[in-house]
Structures are given as structure tokens and as C-alpha cells.
Amino acid sequence: MPTSFLNLAKLCDKLEKISKTKEKIALLSNFLTSLNPYEIEPAVFLIIGTPFAESDSQTLDISWRSILETNYTAKQTTLFNQPLTIRAVHEYFSKLAQISGSGARKKRKRLLEMLFRESSPLERKFLVRMILGEMRHGVAKGLMIKAIAEAAHLDYSLIKRLSAIYGNIGEIARLALVGGEEGLSKIEVAPFTPIKPMLAENLDSLDELFKKPVSPMAIEYKYDGVRVQIHKKADKVHIYSRRLKDITSSFPEIADLIKKTIPNHSCILDGEIIAIRRNDQRPLPFQELMRRFKRIHEVQRLRQEIPVQLYLFDILLLDDKILFDYPYQERWNILATICKGLTLAYRIISSEKEEITRFYQAALAAGHEGILLKKLNSPYSPGERKKEWLKLKEAIHADLVIIAADWGSGRRTGWLSNYHLAALDPLKGTFHEVGKTFKGLTDEEFQDMTANLQKIKTYETQYTVYVKPQIVVEVAFNEIQKSPQYPAGYALRFARIKRIRLDKDPSEVTSLDEIAYLYERQFEKKARI
DNA sequence: GTATTAATGGATC
DNA sequence: TTCAGACAGATTCGG
DNA sequence: CCGAATCTGTCTGAAGATCCATTAATAC
């Protein structure tokens, strides 16, 4: 008997109502065990709200706007009295992903309406969440991995490792449940199967680090570009993104370079690609790099206009040897030997605070994002964020005034949780929006802020409350970008609230001139466009 | 009927 | 990308 | 020494700016 989609929707409903992770895992594990083998893969993807595998390039091309335009309140008309099955829903998603060309949006909406007509209100609720990728039931890939391990009576660490080296959690689940450890043995590290890159944890300051004794570490420049994993075998080279997408066509010269420079080895390399200015090789802002990313038209022209530079910093596979468990320093040595003629990340080895500080300042002065600090003996842990790798970035601070706020959703329903931030034009005494943020406040502070903002409301629309410019907040951010979206022409990257400044008057907030000055100063380091 | 512009979705950070 | 909150397990504290 | 309090690691879900491609809509 095929499993009905209603059963899966009921499971999601239950998951949403409980908060204990152990209970969630038990529910999931039981559900997975009850499935037919052919249902495991689609069920896993549907439950975690990602219709396709990470390494799969398929997309639904549907978001909330299209859903709103779809008649999803239509009464259920169960065709032929056949209830929706898990497999049927997944097939709908596959069909939706395949629609393209003229009339695609209409076709997609029609197909979506068909799906909605076959579904009950509960099913519809979770179908919508699956399409949006926001399940809100507290189960994402992390807990799914635990549930798969429990259902298959296998080690959590085994499943976790496999999911880090193979971007198809659904297939992993099927293999685990059907074939056990033996079934999973066919998954292995090999060129052209992208691996989740190891990540670094945030470090607030060097003072923080030096509270405890520090043994020598590798300190690398942190480049502001895109993380790339380069796979090579024979004369084939592919480049993958941090989320396992094939991005080879965005950077053909990098693929050629690798082909030429490493003719005699198979390998998997880890690095960062940044945009640089042609004449002096200085880094260009991230925005410029994005103009080359996923580009199809005018590739050649942009290749001339925005050259890129690859910085390598790790090697995960050399010929038939998996290097995850080699210590960092040994991997680096191998990398340096193999990649003669390529550029490695600039680095020093040090345990001296002063020396590291100088190196950090040098990285910033050269227009880079900061530094990474890596333990010399650290193994490469695919997909994990570990204390063995730390990142340190410079934050810029500014006082800005809240001029409006959007109503939150999900767990922030009923709170004004997303604040429009503005800088001051001192001549005119007017405020100009330079970005938004929803980060930095506690739940309690959100509640207070909601009440306070409503007291100074000037007018409101469906999603936004506009207020008198009165509440000043200190905001931290990573960078100022040229903005096509805001009239002021600038926008803050990764703005977050540090504290609410009840002591400050709106007339004292950062001026637009200061924002412009900070922007220009960035580009004394980076290249000016 | 063709060229330009707007809307939408998905990717990076 | 950043951040806070929830949970689970480990470690430390107080009597 | 034991239960309680605190710390640590992991996972989840809030939502931002900007770029590109695709598709739809509008202008001529």
C-alpha cells in the first residue's frame, strides 16, 4: 500500500506541536520505518521542505507571490477518489520544476492548482510550506539525519559524515533503511561529487582568543568572494559552490588554469574566488564578483571587465587518497607541492598576539575581509563548523534611527521585528533609509519595541508601520554597498542591532556624509570602481 | 511583431 | 550571511 | 557525594542586499 500524503502532513502537524527534539526524532524514525522503499527518498525531501537534493539543479520557481495568485482555497475535489500519495506529490514537484519557456508561469499555476484541488486543508498547509521551503516544524536536515540513523539502527556520526560528503540526504535515507551499512558503502569521496566545505566559527576579538594560552596557529587572509571547491580528474574540471551547485561555467578561466597547472593528478581543492582590479590586482567589492556569478550573457565581456583571482587553502583528495584526517599543516604542504604556479591564501604561522594583530591589520589594509585562524593539527571536517577554524572580521558601527518596522512572521507573528534604518541629512534635517535589520534583539526587547513603536506611529500599511524618527539604535555591519534600491545610494551589508540608545537624540545619528565617507574609505583599501 | 522594462525566483554573501 | 532561543548532554557548584 | 545550576555544542528559523536569468507586460 502506498503511503498517503495526508499521513505525511499529519506527521508534520504533530512535529509542529511538540518541541522536544528527542520526541521529534522518535516520530520521524517511526514514520521512515513505516514507508515503502520507493517512498523514502521523496518523503525525506518533503518533510524537510526541500523538494530536491542539494546537488540537484532543479528548482520549483514558485514562491509566495505565485502561491497568492493561485486559487488554493478551492474546494477539494478528490479525483477518482484517489487520495494523494507521497510519490504523487513529489511527481507534481518534479513536473513543476520541468516547466519552462513561454507561458511557463501560467502552466505552473495551473499545475499547482490541480495539486491543491486534490488536497485537503491540512495537506495544502504543508504543501505551501514545502514550496516555500519553510516548514516551521523544527525539523531540518540536522534532525532528519538523527532520525535516519535511529530508524536504520546506525551510528549518527556515520550518517552525518555521509550527508556531508554526498548531497542527497533522501538517497542516503533509502540506502540506510534498505541496505544498511552495506548499502551505504557505495557512497564515497570521489571527483565530481561535491563535498560540504568545512566552516569556521566566529571570533569576536583577538582578546577573546588570548584569554587562554594559544599554541601556534595558521593565520590566513580571509577573502571576500565565493567559496569554491574544485574537482579535477583527467582533463575534466568542475567547480562547485558552498551549497554544492555546479558553477564551472561562471569561472571558465579558473577551470582552464587548474587543468593547465595540475596536469597529472586527480584532486579536490578548497578555496575562494574574488574579483580583482586588473591594473593593481586589488580586491573589488563582492558586488562586482556577483556580476560574473551564474552569468550566461556577455560572459566574455565581463570576463575582461572583472578578472577573478583564486586563492587556495586546502586539499581534500589527491589521486586516490582522502586527506580529511591529515592534519591541516600536512594538507597545506601537499597543497603547496601540487599547486605550484597557483596562488595559495596568504598566511603566517604564529601564536603571538602582536604579530597576529599586525597580520590582521595588514589583511584589512589590503582590502580583505579579515583573517581565519586554524589549528595546525585540525582535520578537515566536511560540513561542520568547528572551533578549530575561527574567523575574525571587522565590524563597522553606526547610530541610526528607526523610521519604520515590518510585522514579523512565524515565531515573530504579532511583533514589529524588522526595522527600517535611516541616516541623517543634517542640512535638510531629513532621514534617509540605508537598510533594514531584524537581528540583535531578544524576544523581550522585540515586545517592548513593538509597543514603543506603535506609540509613535504616523501611518501604516498592510505589512509596515511607519513611525516618527525617534528611536536610535547602535548598529553593526560588515560593509557599505552601493545601493540601487535606496535613494541615498548606499546600503548596509549584514546590519544587526547592538543596543538601543535611549540616551541619543535622532539629531545625533550618523549622517549620510559619514556613510559616504566610510564607503569611500573602504575603497581606499579595496579598489575604487 | 519586436524591443524595452517590470516582476519574480533563486543564488551568493 | 548574523543572531537568539531551545534542547540535550557535560561539567561545576553548593550543601 | 548527589541533585541543581551553569556551561557548551548543535540545531532551527527569523529575515537582509544584490546579482543574474527567465518570463510577463508594456511601448512603439
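The axes of helix 1 (residues 5-17) and helix 7 (residues 121-132) come within 9 Å and cross at roughly 75°. That makes helix 1 roughly perpendicular to helix 7. This is a predicted model, where local features need pLDDT of at least 70, side-chain atom pairs count only at pLDDT 80 or more, and totals for chains, interfaces and linings use all residues. Residues are numbered from 1 along each chain as its sequence is written, chains are lettered from A and ligands numbered from 1 in the order written, and side-chain values use heavy atoms, without hydrogens or water.

Some terms. Helices (H or I, at least four residues) and strands (E, at least two) are DSSP runs, numbered from the N terminus. Axes are lines fitted to C-alpha atoms, for helices over the stretch in contact, with angles from 0 to 180 degrees between N-to-C directions. Under 35 degrees is roughly parallel, over 145 roughly antiparallel, 65 to 115 roughly perpendicular, and the rest oblique.

Back to the first pair. Helix 1 brings F5, L6, L8, A9, K10, C12, D13 and E16 to L122, E123, K125, F126, L127, R129 and M130 of helix 7. Contact means heavy atoms within 4.5 Å. By class, that contact has nine nonpolar, no polar and six charged residues. Nonpolar is Ala, Val, Leu, Ile, Met, Phe, Trp, Tyr, Cys and Pro; charged is Asp, Glu, Lys and Arg; the others, Gly among them, are polar.

Next pair. Helix 2 (residues 21-34) and helix 8 (residues 141-152) pack at about 55°, axes 8 Å apart. That makes helix 2 oblique to helix 8. Their contact has nine nonpolar, three polar and three charged residues.

Third pair. The axes of helix 3 (residues 37-48) and helix 5 (residues 86-98) come within 9 Å and cross at roughly 60°. These two helices are therefore oblique to each other. Y38, E39, P42, A43 and L46 of helix 3 meet I86, R87, V89, H90 and F93 of helix 5.

Now the largest pocket. How much space lies in it? About 1,200 Å³. A pocket is an open set of points on a 1 Å grid over the protein atoms alone, where a 1.4 Å probe fits, with protein on both sides within 12 Å along at least five of seven lines; lining residues have an atom within 4 Å of a point. Of the 42 lining residues, K222, R242, E369, K391 and K393 are the closest to the centre. Strand 10 gives the largest share of the lining, five residues. The lining divides into 18 nonpolar, five polar and 19 charged residues.

Definitions and conventions:
Grid points are joined across faces, edges and corners, and a volume is the space filled by probe spheres set on the points.
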